[in-house]
Amino acid sequence: MTLGIPAETKKGERLVAASPKTVGQLVALGYEVIVQSGAGQQATFTDEDYADAGATVGDAKAAWRADIVTAVNAPGKTQLAKMRKGSILISMMSAPSSPDYIADLAERGITGMALDAVPRISRAQSMDVLSTMSNVAGYRAVIEAAENFGGMFTGQVTAAGKTPPAHVFVIGAGVAGLAAIGTAASLGAQVRAFDVRPEVGEQIESMGATFVQAEAAQQEVSSDGYAKELSKEQEALTAAMYAEESAKADVVITTALVRGKAVRTISAEMVAAMKPGSVIIDLAAIGGGNCELTVPGERIVTDNGVTIVGYTDLTSRMPQHTSQLFGTNIVNVMKLMTPGKDGTAVLNFDDEVVRGMTVAHAGEVMWPPPPVNVSAAAAAEEAPSVPPATSMSPEEQAKVLAEAAAKKATRRMVTSGIAAALVVLAVSFSPLSFVSYFTIFALAVVVGFYVISGVSHSLHTPLMAQTNAISGIILVGALLQLGSTNIAVLVMSFVAAAIASINIFGGFLVSYRMLGMFRKEA
């Protein structure tokens, strides 16, 4: 099948849907790639680069007449008219807000696959163009802030005196927010960040920022991972926090964009209270802006000297790397659709990723797709068995709970006492050599328990390496005992060797799969 890479028709767009490197990967999948002449010029890719990668450089008609057409932005009616019936279009389409466009695709008999509708599940992360674009935008936001800020991000100590580091406040810790936090922190700024989802606090701090929370505001998250709407009281508390943090900051970066719509976080009064020379980078300008004074696509300076940047083309300002990453997302989509690596695209609608991004096919509108279960809801913690509250007073409920807790503590104490007595009896009537080994075993259990329980989840992978090493020692010891003539020793050695082997090879398998998740193709 032929795969076309046309030049983007959106005004000012400098991205292209494939780099020479990703063209080579598409050719390796068996596709005949046709690149429109000059398509990658704005991203510094020449026609010769594409030809060297194995593509055929042709005119616009040849690219749009391909069996599969990949583009960054949704093409207009003029370009759709050039496509053949039965062909496949892969691009961003803003499907939720474009019902007429999807209907047009269906009427033309074009299969539409929206890159910005890829389900946000683990195995689809490598195809998620929204994450790719957000990551680039977050990085670029800090670069724009540094350009507009009249000082240095890092503190300096020189013979002429010292300068303090810049204070950066980031609102929102999604992909763009975390990218901005990491970039600002790497430049030496002191970064503070806020997000309505309290569980991302650890991620914020892992990127080098201080997690800011709105005191007394009950921040909750819905089952689909998005923040719940705040009450009036919570909004007031959060706004007070925004005002306090923005007044202290040299740079404010806002990223609050929920399903394409910006959430108002910075008011005109907050801007008026900021220091002259401060900078606001509004990453949600395309959705109307998080700042009340943001002008989408423009850079303005307020009367009190605050610069507000509302550029909506941050990703297009870094066309070379963004095109490379975007093209890699498309390559991963094509890998999924080309199981035989024979240049033939297969639309398997049983696959939730393929089905989730397909908006039109065979003359039918296929949007919205069936819901995808992105995460399992956490099971509610088991509560003590208490009669319905309507039949008991608060004092009676407290009494029942106290009695239940006392019974539980008694059972635990009795169980522990019996276990201790059995251990003492076993040790008393055992040979001295067993007592020595048992003491070492007991100490190892105690030390191991405190080592494992005190380790953060984020460090469990290196911890797994340690347990693999311990399992290796056990395996060696067990193998040395397999030749024993004592049946009991022989059986225990075999069991120990089998269990240690499961831990070792299972650990290798898990490590291999985790490394695969983070392998970069770009």
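Modeller: Strands of a sheet pair through backbone hydrogen bonds, either parallel or antiparallel. Here strand β2 (residues 32-36) pairs with β3 in the parallel sense over three bridges; a strand is a DSSP run (E, at least two residues), numbered from the N terminus, and two strands pair if DSSP finds at least two bridges between them. Within this region, I34 stands opposite T56 in β3. The model is predicted: local features need pLDDT of at least 70, side-chain atom pairs count only at pLDDT 80 or more, and totals for chains, interfaces and linings use all residues. Residues are numbered from 1 along each chain as its sequence is written, and side-chain values use heavy atoms, with hydrogens and water left out.

Colleague: In what order do the eight strands form the open sheet?

Modeller: The order is β3-β2-β1-β4-β5-β6-β18-β19, with mixed pairing. Its edge strands, β3 (56-58) and β19 (364-365), each pair on one side only.

Colleague: How many aromatic pairs does a search of the whole structure find?

Modeller: Rings of Phe, Tyr and Trp (its six-membered ring) pair if their centres lie within 6.5 Å; planes under 30 degrees apart count as stacked, over 60 as edge-to-face and the rest as tilted. The search of the whole structure finds three such pairs. One involves F45 and Y50: the ring centres are 6.2 Å apart and the planes lie at 75°, so the pair is edge-to-face.

Colleague: Are F45 and Y50 buried or exposed?

Modeller: Both are buried, that is, under 20% relative accessible area, where exposed is over 50% and partly exposed in between (1.4 Å probe, protein chains only).

Notes. Helices (H or I, at least four residues) and strands (E, at least two) are DSSP runs, numbered from the N terminus.
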